[in-house]
Structures are given as structure tokens and as C-alpha cells.
Amino acid sequence: MAGRKITPAYRLHTKTGKAIVTVYDADGSRRSFLLPGKFESKESKTEYKRLLARLAANDDALPKTEVKKPEILISELILRYMKEHVIPYYVDPVTRKPTGEQENFRCAFRPLNRMFGQLPAVEFGPLALIAVQNKMIDGSWMNDEEKSEREKIARPLGLARGTINTRIGRIKMMFSWATRMQLIPASISHGLREVRGLAAGRSKARETEATRPVAIGVVEETMAHLPPITRDIVHLLLLTGARVGEIVGMRACDLDTTGKVWIFTPQKFKTKWRGHKRLISTGPRAQAIIRKYLGMKIDDCLFKPSVQEAMIRADKRAMRKTKVQPSQVSRRKAKPKKKPGEQFTPGDINQAIRRTCKRIGIPTWHTHQLRHTAAREIIRQHGLDSARAVLGHKTLQMTADYGGHDTDTA
């Protein structure tokens with residue numbers, strides 16, 4: 001210990017045949033060292049002299065060595081952020097099922113992990129983030145298999161400008177979290193904040209068109225060729241201005257049918273996590289559609305893919321002109337790999353619309369355009385504030401953006 005002048009003895013360690021030396025640390029504790037080489041060898045004596053020199057320079061005590069924490073790699077940071085923040089946080093508050101945000105974060109981290117996964121997080125700076133941003137623009141971070149898959153479905157390799165900005169924002173969120181958890185210095189996340197989002201028309205990233213209302217005539221032409229339950233869902237979207245995710249999850253227990261206007265309170269909706277309330281009004285035409293499905297269990301979804309498949313099979317069987325052969329009475333597979341689910345997803349409805357449009361030879365559209373169509377029609381007939389109430393917006397400006405420019409009124 002400091003102040004205690006003791007020269008450590010050069011001793012033989014009989015088990016190894018090497019020299020052993022016991023010294024004091026600065027805090028008074030003792031440590032023993034095996035010196036390299038054999039006992040009394042030149043290598044061993046040289047190391048002993050070097051150790052004595054260190055002791056002499058530090059008041060005959062070795063300074064306590066600080067154990068340096070290993071630097072966390074970006075791949076390790078991604079895993080920890082997903083496990084400790086994203087997966088527990090982005091869940092439905094009622095069902096505790098994962099929300100779509102979890103997959104959005106995974107998509108954002110994929111190019112980052114592939115390019116810089118083995119880099120220590122403390123070495124990741126603004127230039128590295130810009131490099132990830134540029135790779136998202138041209139899609140060069142993907143492997144050959146992923147590029148081939150995108151080409152098969154006729155999708156461009158590069159992401160849209162808005163998508164890139166959102167994903168870069170999620171990467172910044174991860175580094176801000178790492179700063180709060182004291183995993184990296186604050187200077188890292190502060191530097192990443194200086195990386196600006198891509199401005200419209202000022203980068204090589206492709207631009208997407210704004211969502212516009214779809215003509216009611218196009219919707220009606222498409223509905224005539226849709227499967228029965230999918231057609232009713234699309235009709236409800238047009239009548240109520242609701243989001244497709246709200247309608248596909250409709251249950252009888254979510255409906256208040258006591259008044260002339262039925263009130264639907266969706267179990268899940270976009271802004272529920274903000275503490276907002278969502279009430280969807282349904283008039284006589286919407287009620288007529290809903291009544292057809294009220295025979296289900298009160299806590300089951302009204303619209304079921306399995307029921308629609310049974311309806312389609314029954315219609316095909318009724319339209320059959322030839323006699324059913326014994327071998328064709330039941331041609332269902334005993335254990336099919338894919339069974340119809342108990343609830344439609346927004347993707348199911350959009351896929352049905354897209355396929356129908358291609359089959360009948362009209363421009364494709366998607367369900368979110370119906371919300372814009374409903375906004376335009378309500379604004380035209382009943383005014384902006386009525387449309388805001390129906391769509392559930394907090395501001396008139398948002399509703400006006402949804403309604404678009406009404407050229408007929410102009």
C-alpha cells in the first residue's frame with residue numbers, strides 16, 4: 001500500500017516452474033503475478049525489473065486498473081432496443097398484440113444492420129447515417145435475392161422519399177434511447193440529429209403521388225365484381241368514411257343501436273394510443289348492411305373470410321349445370337396449408353380490389369382513397385365541419401386536406 005516500502009520477492013511457483021511476484025495495489029489489496037518465461041530465465045528477470053520500475057514510479061504500489069466496459073456494437077444495440085423498448089411499447093393496449101410499428105422498426109434497421117452492424121455504436125456519426133440514407137435511395141443495400149423479389153412484383157428498388165425520412169427518423173430514435181440508457185455518449189445522438197430529412201424535389205429519391213379521392217363510378221364498377229362480404233366492407237367504407245382497419249374489426253358489442261343513427265366504437269383505431277376517442281356514425285344504408293351480419297357471436301368480428309369462402313362455394317355449386325360426380329362431392333383437402341382466417345386484414349381488402357381492377361381493366365385504387373372520397377362528398381353536401389365530425393379529425397385543416405380540391409364547386 002502507499003507509504004509501505006516493500007520490495008516484492010522473486011519466488012518460484014512450483015506448479016508451473018515460473019516466477020511469481022506478489023505486490024500491493026493502491027487500495028491496500030494484494031495481487032500475485034506469474035511472470036512470463038521459466039524461473040530465473042532472462043525473459044522472467046526482464047519482466048521482474050519492469051514491474052519494480054512501475055512500483056518505484058507509483059510509491060511502491062500498482063495503480064488500480066479501471067475495467068473498461070466493452071463498446072456496444074450497432075447490431076447489439078438494435079437487438080437491445082427491440083427487446084427493451086419496441087416490443088414491450090408498441091402493442092395494442094387492450095389485446096397486447098404487436099402493432100404494425102414493430103415491423104416498421106425492423107424494416108428501418110435492416111439496411112443499418114447490414115451496412116454497419118459490426119461497427120461500435122460510438123463510432124457511428126452523421127456521415128454514416130447519410131450513407132444509410134443514400135443506400136435507401138438506390139436500394140443497393142439489398143442482396144441479389146431481395147432485388148429479384150422486388151423486380152418480380154414490379155416494385156422499384158429505391159424507397160420513396162417520405163418512407164426514407166420516416167425510417168431515418170426511427171434510427172435516430174434508437175440512438176436517442178441509447179443516450180438515455182447511458183449506452184453511448186450524448187454527442188452521438190446530437191450529431192445524428194443534424195442529418196436533415198430529404199426535401200421534396202431536392203434529392204434523387206423517388207416521389208409518390210398524394211392520395212386522391214377515387215371516383216364513385218369507379219368504386220361502384222369495382223364493387224359489382226367483388227366477393228360478397230368484401231363488397232359490403234367497401235360499401236361501408238364509402239358510407240362512413242372510416243378506415244379499413246376499423247371496419248374489418250367491427251363486432252356487435254361495439255355497436256350502439258339504440259338511436260336512429262347507430263354509433264360504432266372501434267376496438268382499435270389509429271390514434272387510440274394518444275388517448276383519443278373514436279365514434280363512427282352509421283345511417284340507414286350502412287345499418288342495412290350491418291344487419292345482415294348481426295347473427296354472429298356478440299364478441300366475434302362480423303365479417304369473416306371463412307364465411308365468404310363458404311358463400312362463394314355455395315354460389316358456384318348452385319350455378320353448376322352438370323351433375324356432381326361422387327368423387328367431386330367433397331374435394332377439400334383434409335389438412336390445407338392455408339385456411340381462411342377469422343378476420344379480414346386491410347391487406348386482404350386492398351388485394352381483392354387490386355385484383356378485381358386488373359381483371360376488369362380499370363385503374364387500380366385502394367381503400368384509403370375511399371376515405372378521401374367520403375370527405376369530399378360530405379364537404380360538398382354538408383360542409384367542412386360535418387366532414388370533420390364524421391372522419392374524426394381534430395382540426396378542420398386536416399379534413400380540408402382530405403377533401404382535396406373540389407373542381408366541380410370551383
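## Two helices side by side

In this predicted model, helix 2 (residues 74-89) and helix 3 (residues 100-116) pack at an angle of about 170 degrees. Angles over 145 degrees count as roughly antiparallel, and helix 2 and helix 3 are therefore roughly antiparallel to each other. Their axes lie 10 Å apart.

Which residues of the two helices meet? Helix 2 brings Ile 74, Ser 75, Ile 78, Tyr 81, Met 82, Val 86 and Ile 87. From helix 3 come Gln 102, Phe 105, Arg 106, Phe 109, Leu 112, Asn 113 and Phe 116. Sorted by class, this contact has ten nonpolar, three polar and one charged residues.

## An aromatic pair between them

Searching the whole structure turns up eleven aromatic pairs.

Tyr 81 sits in helix 2 and Phe 109 in helix 3. The two are 28 residues apart, so this pair links distant parts of the chain.

## The largest pocket

Now let us turn to the largest pocket, with a volume of about 1,500 Å³. Its lining is made up of 39 residues. Nearest the centre of the pocket lie Thr 99, Gly 100, Lys 268, Phe 269 and Lys 270.

Helix 10 gives the largest share, four residues. By class, the lining has 15 nonpolar, 13 polar and eleven charged residues.

Methods: Residues are numbered from 1 along each chain as its sequence is written. This is a predicted model: local features need pLDDT of at least 70, side-chain atom pairs count only at pLDDT 80 or more; totals for chains, interfaces and linings use all residues. Side-chain values use heavy atoms; hydrogens and water are left out. Axes are lines fitted to C-alpha atoms, for helices over the stretch in contact, and angles run from 0 to 180 degrees between N-to-C directions. Angles under 35 degrees count as roughly parallel, over 145 as roughly antiparallel, 65 to 115 as roughly perpendicular and the rest as oblique. Contact means heavy atoms within 4.5 Å. Ala, Val, Leu, Ile, Met, Phe, Trp, Tyr, Cys and Pro count as nonpolar, Asp, Glu, Lys and Arg as charged, and the others, Gly among them, as polar. On a 1 Å grid over the protein atoms alone, a cavity is a set of points where a 1.4 Å probe fits but cannot get out, and a pocket is an open set with protein on both sides within 12 Å along at least five of seven lines; lining residues have an atom within 4 Å of a point. Grid points are joined across faces, edges and corners, and a volume is the space filled by probe spheres set on the points. Rings of Phe, Tyr and Trp (its six-membered ring) pair if their centres lie within 6.5 Å; planes under 30 degrees apart count as stacked, over 60 as edge-to-face and the rest as tilted.
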